[in-house]
Every structure is written in C-alpha cells, then in structure tokens.
Amino acid sequence: MDAINLSHKDAAFTRAVATRSGQSVTACYQCGNCTAGCPAGFTYDMPVSQIMRGVQLGLKDQVLNAKSLWMCLSCSTCTLRCPNDIDVAGIMETLRHMAREQGQVSVPKVNKFWMSFLDTVRIFGRSYEIGVMALYMMRSLRVFTDVDLAPDALSKQKLGLMPHVTPNGGAEAVGRIMQRFKERADREGGAA
Amino acid sequence: MRIGVFICHCGSNIGGTVDCAKVAALAATFPDVVYATDPMYTCAEPGQAAIEEAIKNYQLDGVVVASCSPRMHEPTFRRTVERAGLNRYMFEMANIREHVSWIGKDIEANTNKAAELVKMAVAKLRNNKALHAASFDVNKKVLVIGGGVAGIQAALDCAEGGIPVVLVEREATIGGKMAKLDKTFPTVDCSACILGPKMVDVAQSPNITTYAYSEIESISGYVGNFTVTIRKKTTYVDWSKCTGCGACTEKCPSKKTPDAFNEVTGLTTAITIAFPQAIPKKAVINAQHCKKLLTGKCGVCAKTCPTGAINYEMKDELVTETVGAIVAATGYDLVDWTQYEQYGGGRYPDVITSLQYERLLSASGPTGGHIVRPSDGKEPKNVVFIQCVGSRDRSIGRPYCSGFCCMYTAKQAVLTKDHMPDSQSYVFYMDIRANGKLYDEFQRRAVEEYGTEYIRGRVSKIYPDGKGHLIVKGADTLLGQAVEVEADLVVLAVGVEAAKGAARLAEKLRISYDSYGFFMESHVKLKPVETNTAGVYLAGVCQGVKDIPASVAQGSAAAAKVLSLFSKDKLQSDPQISQVDIKRCIACGKCVQTCPFGAIELFDFRGQQKARVIETVCQGCGLCTATCPQGAIQLAHFTDNQILAEVDALCQC
Amino acid sequence: MSVLAGKELRIVGFLCNWCSYGGADTAGVARATQPTDLRIVRVPCSGRIDPLFILRALLHGADGVLVSGCHPGDCHYAEGNYYARRRLEILKQFLPVLGIDPRRFEYTWISASEGQRWQLAVTKFTQQIHELGAAPAFENAEKLIQIADMALTALRPLGTGQHAALADLKKAIVEKLPELDCVIGWQQSYDAAHSAPLFMRKPEDVEKLVWGPLNVNNLATYLPQYKGKKVGIVVKGCDSRSVTQLLQEGLINRDDVVVFSMPCEGTLDMARINQALGAYQHIDKVAYDEAGVSITADGKEHRFCMVEYAQGKCYSCATPGAVLADVRLGTPTPVTGTPATPPELALLDSMSLSERFAFWHTQMERCIRCYACRNACPMCVCRDYCVAESRDPHWLTQEDTATEKFFFQTIHALHLAGRCTGCGECQRACPVGIPILALRQQIARAVAQTFEGYRPGMNAKATPPLMGFTVEENNIKEKDWNK
Amino acid sequence: MSIVYYPGCSAAGTSSDYEKSTQAVCDALGMSFTPLPDWNCCGSTPAHATSTELSAALSVRNLDIAAKMGAEKVATPCPSCLSNLRLAKKRMEKPEFRARVDELLDEASSAELPQTYSVMQLIYEKYGSEFVAHRVQRPLKGLKVACYYGCLMSRPADIMADFGHPENPQVMESLLRACGAEVVEFPLKTECCGASHGIPERQLTANLSGKILETAQNMGIDALVAACPLCQMNLDLRQKQAGKAMGKEFALPVFYYTQMMGMAFGIKLSALGLNKLVVSPEPVLKKWQAALKEGVCE
C-alpha cells in the first residue's frame, strides 16, 4: 500500500461535505461509536468512522468510491449515538448525493433498485411492488432474487399486482415534479 | 493633573495586532497627559521600574496602563504606583489585550479602539480621588466546607497552623469519595489505610469542630468577618450521647434499606453507621425506611440503645459560626449515567458504575471483597470496562475529560485479575490519559502483566442476549471493525460533575461557577486556589476534575492561603465603598431600602435625618448610587462623574 | 477621535466586573473573534448602572448600548442585577416615546465562564446596530409641530361640580381646624376665572374656599414641606394619589395629615382657556352650569364646555373620588369603561420614531429651562439638590442645547418611574406648553404592563416596582441571542 | 379540526393487513380520519438517497394538499412515511430550501404545513392506556410478547422527540400492557431490520433480521409485535431466509400492534388480516383462547 500523500489532500471536498450536510466534520474525534453501532457495517468496505476520517483528510476518491455509501440503511443509529452530536447519517447521505453526481455508484444493484422504485412512483404516483420488481429485474438483468419467497408472497397476497394509480391527476403531478427535478439536476450539472 | 500613559506591547500579544506606538502618540494628545510611551512588557520588573521612574521624572500624579485585563494586573500596578509615592487609586487600566488585540486582527480598527479605551481611562482618571483604606480586625477562624480528602487536608493543615477550624460535611461521616475506594492507583495502596489516619487526626484535633450531616444554610459578611449559619440535619440520634457501639444497627428490623455508602450495591438497616471507620462514628436514622418514623410502631433502637440517644422527635437545628475565611471543598458527584438508554438506562443489574465496583472489591463492602454479579451472585468471567461514560460527550452536555477514569479503570482491571485469576478484562477506551507520576507505567502493566484487553473505541450498545450474557457492541477503530464481547459484568467508568447543590452554594459564597457547576478560580493558571471573593478559597474537585494527589495538594494550598491571610492582625478594607454627601441627602431612605447588605442607616444629624454608610458592611456594589435621585450617595472610584466622564470621552467627539 | 468611517459604529458597553467583564475576558483568552465597535465601561455591578448613563450615551452620539451583568441569582452582590433587570427593562420600553429605536439598547446576562455567549452577544448586537445604521443626531432633527387631539370620550361624566357639598366641606374643615396648623385648599385667584392655593388657618379663611373646574392645582405638592406638622388638605381624586404616593415613600406621615375630599367632575385645561380668552382687561362674570363655564371678559362671553375643554388627564381618569380620605363628602362619581390612552401619549403613539425625535427636538427648542415643571411636581422631592443644577454629580451642563434640555426631561421622567401618578402638574406649569406629560405617561404604561397593572399612588403600603424585585419576573424576557 | 390520513403505498400491497387492522382499531376507539385524496408516494429511501429536495417535494405535495384541506395533523401508520413527511416539514422551515422545493412543485406550497404523527402516537396521546384498557373485551392473557419499533419510529431523535426516548420508546408497550399482554422489554426494539435492502442485498437483511429474531426467541416470547410494514415483512416473510443466515430455525409469529389491539378489542380476526401472516399465528391464538377460557372458569 502506498503512503497517502496528505499534502495533496482535497480541502475543498472536506468543505463541500461540511457545507452540504450542515455538519461540523472536525467535531469527530474518531471514537468509533458509529462503526460500533452500524447494523450494516459488516457489509462495508470502509467503516463509517473511517469514512468520517477520510472526509476530514479530504480523501475524496476513496470516500466517494466506497461501497459503504450504498450499503447504508439510513437507520441513523450513528447519528443517534454520536457523542459529538454529528449527524453522521446526514453526512453519509450527502456523500451518496455527491457520488451519484460524479457518476460513482459502487454498488449498482442498490442504485438500480432505487431507480426502479422511483420509476414506478414517477409513472403511477405511488409505488407498487410487482412494478418495482419488473423494472429492477430489467435493470439488473437478473431474475427475481427472492424466488424462495414467491410461494409465500403470492399466496399471502404480499405483492400488489395492480398498480394503484392516484385518482385525480396526482400521478401526473408527481411526474411533473420528477421531470422538473431531472431538468434542474441536468442544468446544474449533477447526474440524477 | 499630570498623567502618564503606558501602552504595553505584551510581547506580540498586543503589539501583533495593535500599533502601540501610534496609540502612545495619540495618548500624548489627550487632556492632562504629559507623558506617553509603549514598553514591551509593562508588568515585568523593568516595565514597573520605568513607571516608577516616569512618576518621579515627570511629576506624574496619575498613571494609565493599557495592557491586559484589570482582573489580571490591576493589583500589580496599583502597588507599582504606590511604591512611587502615588495613591494606589490614582491609577487606571485600559484592557487592550483581552478586549482588543486577542479578539480581532484588523490593525487599524484595533489601534483606534485601543486609543479610545485609553482615552476613556484618562477621562476617568482625571476624576479620580485618592482613597484610603481603613483597617479592621480579622476573625482568625476558618470554615471548611466538605470533608473529603481535600477538605480534610485543608482542615488539618490549618489546625496544625494553630487556626480553629469549622468543618462542615453533608454526609454522616467525613472521608468523601476516597473513603469508598478499595485501593488507589498507581501504588495499589489500600485507600482506607492511608485516609483513615487522617480522618482520626481530624477527630482528635482540638482545633477542629466537625459538623457532619450538616449543610451551609447561609453566609453573610466579608473577608475576615463572615457569619455562617449551618443546618444540622435531623439524625434522630443525640450524637452527644451516641457512642457508636452499633447495638442499634444490629437490632433494627428494617434490614432492606438501600446502603448509600455502598453505592446501593447492598442493603443495610434503617439506623446505620456508614462504615466501621466512620468519623464521627455516630448512628443516623434513615427516615424513609424507619418503621417507627413511618408507622409509629417499632422503637427497637430506642429500647436497645444503652445511652438513650435515640430521639424520634428530633428536628433540624441551626447553628451560627463566625469565621474569617472559607475553604470550599465540596467535591463531585457522578454523572447520571442512566440517561444512556443504549447501555440499558439502569435496567440491567449487571451494568454497574466504577464506584459500585469499588464497593464490590472492598473487603469492607457488601460482598466482603468478592466480585459477584448483582443479578445472580455468581462470579463473572468476562468483565468489560467502558471508559468515558458521561465524559467527553457533548451530546449530554459533558464535553470535558473527567481526568482520573483511565487510571482507576486500569487499577480495577488489575484488581479484577488479582481477585479472579481466571477472569478476562476488556477495556473500551478512546485515549489513555496517564500523565501523572508512575501513571503510564501502571497502565502498561495492566496490559502487559495482567493481560487486560484494551480496545480502542466507544461502545454503541449493551443488551442482554436472553441467555445470561450481556452483549457489548463496540468498535475497534484500530482494526476498523465493529467488535462484540459476551460479558458477564459491565463496569462503566462514569464521569464526574460538580457536586449536587454546588451552584446554590456558589451563590451563598458569592463566587462564580462555570457552565458545569465547577467553581471558578481567580485565574485559571496563576490563582487556582483563590476565588474572586476575598477570603474564599477552593480545594479539590469542586474547582475542576483532579485526582487524589492533586486534591490533597490543593487542600494544602488553600490552607496556606488561609494561614497567610491570618498572618496579619488587621486587614485593609477596600475603600471603594459608598459615601453620603450629607448636604445633598434628603433622607428619603431609598438607598436604605435597596441596599442588599443593610449597609446604610438613617441617623440624626443636627436635628435632621440623614443617611450614612457603615464602612465595614458596604461591599461597594453601587446600587444605592444608581438609586439615589439627587446623587447624594456616591460609590467611591465609580462615581457618577467618573462614569459620565468615560461615557462622554466616548460619545462626545 | 471619530468613529472609523464605513467600518464601525459607536457602541458602548456597561459590564459588571464579576461576571460579564470576566466573560469578555474569557472570550479574549479563547481568542474568540468579535466585531471591534464595542467599548466597555467596567462597573462593579449591573445594579450600579443608572439607566441615565445609557440615555446620556444614546443622546450624545452612541449608536447602541449593551449592558451585561451576572445571571439573575448569581449576582456577586446578591441582588444588584434583580434591580437592574427591572430598571433596564423600563428604560427599554421608555426609549420609543423619545424617538429612539429600542433595538439600540439591549441588556443581557453573561457569566465569567461564558466566553462563547459573550462572543455571540457582541456579534449579534453589533450586527443589529449595523442593520439599524448610525443613530440620528437629536440636534439635527427636522422641525415638526403637532398638537394632541383632546376630543375624547371621558370614562366618567364631566361637569362643573355645581352639586358639590361645599357647605358641608367648609363645616368639616372648621370643625377640624383647631387640631391642625392649617388646611390647604383653593381660593379665587387674581380674578374669578382663575384659582390659587388657599392656606386656611382661621375659621374665617375657610369662607374663601372654592370648589369647581378651575381648581387645577395639585395641593399635595405643598405637603412635604409641612412634614412634622399637622395639616389638612382638600383633594380631588388625582391629588389623593399624590398624597398616597408621598405616604408610601415616607415623605409625609399619615398621622400628620387630614385629607378632605369631594368627588371631582373634571378640571379645565387652563392653557387652552387662557388662549381663548386672549389678552383681557377685566373679567365681568363667570357663570357655571351643569355642562360648562361661561366666562365674560371685557364684555365678550366665552363658552367652555367641559367635554371639550377638560384637562387631558381628566378624560382617562378612573379615580374621580379620592383614593384615601379622612373626610369624604358628596356622592361618588360613577366610572365606566377602561382607561384609554391619554391624548398626549396617543399623539406620540401615532408618530414614527423619527417623527417623535423631530417632535421633541422642536418642543425642546422652545424650552426656556425654567424648571417650572420640576417645581410643580409633587413627587420631585430633591428640590434644592436636583442634579440639574449640581456639579458633583455633573449630569447636566448649562449649555443651552435642545439635547441638554431633553436630557433633563428624561432625568425627571426616569426619576419618577414607578412613582409618577400622572397628575400632570409638570405640563400644566410649563409656561410654553410643552406636552412633557407624555414622557411620564409612557413610563407609567410600561410599569403597568410589566408589573401586573401597577399604578403609583393607589396603595400606600405597596412597594414601588423599581425599588423592589422578584426572583422570577413574569413579564421580563431574557434576550435570546440565538434568534 | 380534522386529522388527515396518509396510508402510504404498502397499505395497498404488502401490508394490507396492517391497513385493515389499523382502520378496525381506530373505528373501535372512535378515532376518525379524513382520507387524503390523491396522495402520492413519499419517495421512501430511494428518493432521499437521491436528493433531499426531491424527497421533500414528494412529501410536501401531500402535506400541501392536507394544509389546503385545513388539516391540523396528518396521520400515517408507516414509520418510513412518517419520517419523510416530518423531515420535509422541518426542512421547509429554511427559506432557501423551501424556495428550491417550491420550484419543483406545480405551485408554491402553503406557508404552514401540518405536522405528521404515527397512528400509534395519536392513539396513545388521545386515549391513553387507561381508556384503551377500558375498551378491552378479550384481554391478551397468557401472551408474552416483545415490541419492535424498528429504526424509524423514534428517529431521527430531533424530529421525533415527542414520541419518547429514541433508544427506548414505551408507547407500544403501554398500549399492549393495557390490552392485557405480558410485555417484556426488548433490548433490540429500535435496531434496524435491514430495511429496503431486502431485495438488492438480501444477505444483509437476513443477517440483521436474524439477530433480532434470535434475541427475541431467546427471551421466550410467544410473538413479536411490529409497527412498520417493511420491518414486519422482513421479520415475517423473510423469517426463513433469516433462519438460514443464522443457522437456526425460527418460528416466531410477527404481528402488527394493531392486530394485537384488535384481538383484545374483540374485533373479528378476519377483519384484522391475520390470514396474511406468513409465520402461522395459530399457536399464539390457541394459547390466548385457552387462557381466556381458563379465565371464564375462574
């Protein structure tokens, strides 16, 4: 492993994370409580506390490429127990936004699932499970990963088979929100 | 008037962001200023000598020094001008460091501001009058509040110096927190063996009067002459008769009383003597658990007591003592750790505090020194210590380090291994703070010789796994991974906070306290024992976290301060007190009505009522001056004309 | 030395030595960057801060004043800041009537350990003052003349007191006279259209006593000089409040005073009446009826209806009967409704801050500094030792500027804070007719709002609000610097 | 003023049983809601993971409709929706943020947006456990249960402060105790179940749900009680997956709290959607009925 040259650290990145998340990055004293409590931590390639350290040191590429950003469950346990009152989950979310804007999505399947979900919302105004599944399978080019659940899920009518469309033009209104969002994101140079 | 002005560079502290030479040049143009200069260090010996010389060479009758806060060096420079023959009140200070150079970097603005502050000081000085201190008698007796190790040390040193001491302790016995400890770091001395003799000395000293189970009700007066009212809380036992034989405690039927001395790790009786070495060794009835007091039926202790000391009708008693100085040594309490819901919020019996663990380790504790789990009485194998619970935690408003937890945790890990060779201890820590004599060496021994597993990371959660273990979920940040320990017993190194009621006591003492309730010293570096109230000194953790040697040292330091204060037969009173202009006074009595100290009285002056100030009682607040509509009562050194001069110097330009 | 142009404004701070000055030091030690505008005056205690220091600064060029003391409960002198809190709050509420933006003055509590809080307070306050900009100079204010609209609905019937039991009153006075040095009442003055004080010592003096809307003088003004002697006094409702206030302050003894009272039906605004009469040689006739007075001067009859020509204070008067009296005669006058804002104050209320500044400047230019206002005031007890004419303390110069004269008015008003009963003698006595009562009325309003409806002169046993305190103040809010 | 009801998307699919039982329990208590017409999805995790402003826009559209209806409060059974709607309202307090969000909407949103509450909180605050106990007809005798809130019902702490301690809420416990159940303190009540990662990262969810189920089972309870559609699905539908991940076999029925309350209120079981539970509730029902009968004999 090569030594990281700290004299080339990206201070602008540190500042950007602090500004966009509204959090004081320097307040972190690396106690590791976020890592200790993170339920998804065992799937991370970089534990939360090290992501925080990476942000402090301006290690932009390393942080934005971390798979951890996409494995985070947004449960906010890290925020809750941070002794320095840092909204760590908020920082993770900010990093996710920044990574996507830069086109760095290290766990594509998670993102694909999210995009599929938002597609059904865009079309129908509400999400419905079969639609999300179908779109997700198309996107990820994989068959239903939860085949083992299918018998139970189907027999117990766990999956909405019909899209529930909002009745009074709500779907169209949501479509317009998404459209405006996409246009603005394109205009402002972020990848939505 | 001939005024000299000295604009101090304070090295680069002021000179770095204030153009001192320019300020001096401007000052030379202010009215009555005949000499202005900008020395490098005004407070240093050559700086002070230069002031004295200038006073002589330029026939100055007033001096302004622009430098640091007057709270720092006003007394220093007053002595300087006095040495050169001026009255010490013909001196003013402009604070151009704390209020100028340290809070902004704009040299133009700072220089301008510094010059204006000097202008204000000159304007005030032009209205100053020589003031002369009166002298008054000192009551050479000291009050020590708190009978922990710091208070004990202060009391013993004063008593040794021949000073009568009144020692007031809130609990039934002196000894404080140290009396509850099993061993002390880094020598693993038996705490009782080193504190016990000191406690006995207190009991045997003819100079020390101890009021245990008592609290300070009120304090009035001033340095040299304080009057203190002490509330002796009801013990239901006449201590003049109680011999401490303990017969009552053997017979008392209420055997399920929580044992406060043992940090509620065990049970005791409703009538109890805190511990065998208690000083004073006297019984106290816990009214919340005494059958006789609760239901009227019982009275066993009264029947048992061979000296007839039990008195169920007893009430609180107020006693008054007069003293000349006060040492506050009120110590600390543990942070309420039950707010940590993630550690069970107090619901898991096998999650205990470090002080409770001390009682479990102690041979005089409820388990006779056997380490057992409170839940099932079994000996634990895996013991997890968690540091910084209630320390360095902004989220609960306790951002400071409690200082000694690292060391006592290491000690407890060592003792755990001594008690149970098969056990394994784990310590979750963030940083090890072991900067005392032999401290780091001791902590390393805990790791290297005693096999304690130190894990660098905070603990996120403790929960019972349903099978008798506690799962401790932490992180090893050095490894970069979450880790878990299946613990049998978890000991929380709970942080310290100011003792309960510290703020209320501070108000009675008229001293300041910080946002955490610790008492404020006069100067954080140079006057760590004094307070801003003359005659009131601090010792021990009440001033800030510290360990036993530091507390003992500060106790001795406070005693030294008291002894040096009492080395004079008379004290000089502060002449900055109110004075009545008899011809302007119309005896409307508004000053008498508002004075917080009752320092003003009406008297008959050639057939007319007039007000007058009782010199030794007046504290110099100036409330009367702001109250009197005709300006007939003026606070010396802060008269209407002096303050108006300052306001005008600023505004009318 | 002038303010750094374009960079700074003039901000004066008054800080107590023990807490806030220490807090400012703590901020300095922590190198907590702050704006440079503030200059600090160190005082021992916030209780030492006479609100007049603040007014002096604000009238003489300060753009803002910040006061800081120990937190309530933590005063080094036990109680000083409790008094300060009340006095400073009343000052803050007083400023607007003068035309000074109350945001130019704040008071706060900062302990010696609160360096950060001090930094926040200074930063926010300086920002606040910069948002307000430089304070306008009083001397530069434009000319503005406005006159109060006196057409108001009174809370009680106004009349001329024709059914008053004057004969009974005279009888009662004659009966009491032997025990008393004298009884103070009213008599006809140089003509039938004016009245003057009457000092009755013999039974025949009592015959001269008159009762009616011309009895404008507040006779309580004379009482303090009789302290120690037994005297009687005839009072209207408003006068009785002055008597009560004098008793409350111990300036007279209850045992030495016998109070005679009859219900008042209102008094005339003599300034307007004299103006209507103009210069005349002789009063031919003064005739009263229920609704008003007809005065014939030099053969010309002038009609003055009470509802139109009463003194401003009479419209909002809710105490036509005496608050305390030993001899009470006549049928009480009914009072209905709640007091409205008095007309002088209503006029000020209708103006913007800059208009008020202009208004007062115009009025103060007219002031001849005769101190008639002070001399007429029954509560102005300093008399010969008034700070207006003293060099030690030297609050006022003899400079003939509107600012100095205005500052005197604020001194008078603040010395009366919580004591002024609103009798209006100051304004009535003013030879040039400056409506200075409005200043006292604003303070009275602030005192009533802040201290649960307290009205001076209603209860001789009460503690005046500014001479006392409560640990918790219900209506005084601590400044929140985080907003 | 009325409380507007926002069901959330899963009400019509995965958790129609939650929806059904919620309605039944509210009816039984006499709590009425006005339906929010034309509501849309709050965007859930995918929206806020994409953009805070997009997430807020989707939520605000709903809050705005409610505001224009004059709603005082919005009620939702789903903690995820709750969290999104509350966060959106809080963030809209900042003018710059509001302007950015309004740009995405058809029209600028109302100045005052109503606050959102979980149905559970509304029941608890309006009726309290005493009234609920009074309403009970068939107490949940003999049933030992543990409450599981999931990670979003009490968090983030700053926006959910009115619900209780974020680590140890007590509302569900109080309600179920009022219904006669023996409720044990569940130490993992607010730990995360794996949430929406069930589809793309099933192993993650299986592991987390597995730990929760394991601890719960160790405590010797009859059933786990949930309040979140996603949690319930992960713990119930995915219970076999979780078992496999832990190398254990679980058979722990996972009810919605509204189903349990409905049972206690004497509501017909078919009206509570118990048939949709994947892990059979039969043993629980049997134990309960047996205990009830015993009670009758006493």
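Colleague: What span does helix H16 of chain B reach from its first C-alpha to its last, and what is expected at 1.5 Å a residue?

Modeller: In this predicted model, H16(B) runs over residues 548-565 and has 18 residues. The span from first to last C-alpha is 26 Å, close to the expected 26 Å.

Colleague: Which residues of H16(B) are called buried, and what makes them so?

Modeller: The term requires under 20% relative accessible area. Ser551(B), Gln554(B), Gly555(B), Ala558(B), Ala559(B), Val562(B) and Leu565(B) are buried.

Colleague: Why are they said to lie on the same side of H16(B)?

Modeller: Because the arc they cover around the axis is only 145°.

Colleague: What do these buried residues pack against?

Modeller: Their partners in chain B are helix H7 (149-160) and the strands E6 (142-145), E18 (325-328), E29 (536-538) and E30 (570-572).

Colleague: Turning to the two chains, how many residues does each give to the contact, and what area is buried?

Modeller: Chain A gives 16 residues and chain B gives 19 residues. The buried area is about 1,400 Å², with 47% from carbon and sulfur atoms. Of the area that chain A buries against chain B, 35% is supplied by Tyr29(A), Ala36(A) and Arg81(A), more than any other three residues. Helix H2 (residues 33-37) of chain A provides 4 residues, the largest share of the side of chain A that touches chain B.

Colleague: How many salt bridges and polar contacts cross this interface?

Modeller: The rule for salt bridges finds 0 across the interface of chain A and chain B. For polar contact, 8 residue pairs are found, both residues being at pLDDT 80 or more.

Conventions: Residues are numbered from 1 along each chain as its sequence is written. Chains are lettered from A and ligands numbered from 1 in the order in which they are written. This is a predicted model: local features need pLDDT of at least 70, side-chain atom pairs count only at pLDDT 80 or more; totals for chains, interfaces and linings use all residues. Side-chain values use heavy atoms; hydrogens and water are left out. Helices (H or I, at least four residues) and strands (E, at least two) are DSSP runs, numbered from the N terminus. The expected span of a helix is 1.5 Å times one less than its number of residues. Buried means under 20% relative accessible area, exposed over 50%, partly exposed in between (1.4 Å probe, protein chains only). The arc is that of the directions from the helix axis to the C-beta atoms. Contact means heavy atoms within 4.5 Å. Buried area is the accessible area (1.4 Å probe) that two parts lose on being put together, summed over both. A salt bridge is a side-chain nitrogen of Lys or Arg within 4 Å of a carboxyl oxygen of Asp or Glu. A polar contact is a pair of N or O atoms within 3.5 Å; within protein, one must be able to donate a hydrogen and the other to accept it, and residues adjacent in sequence count only if both atoms are side-chain atoms.
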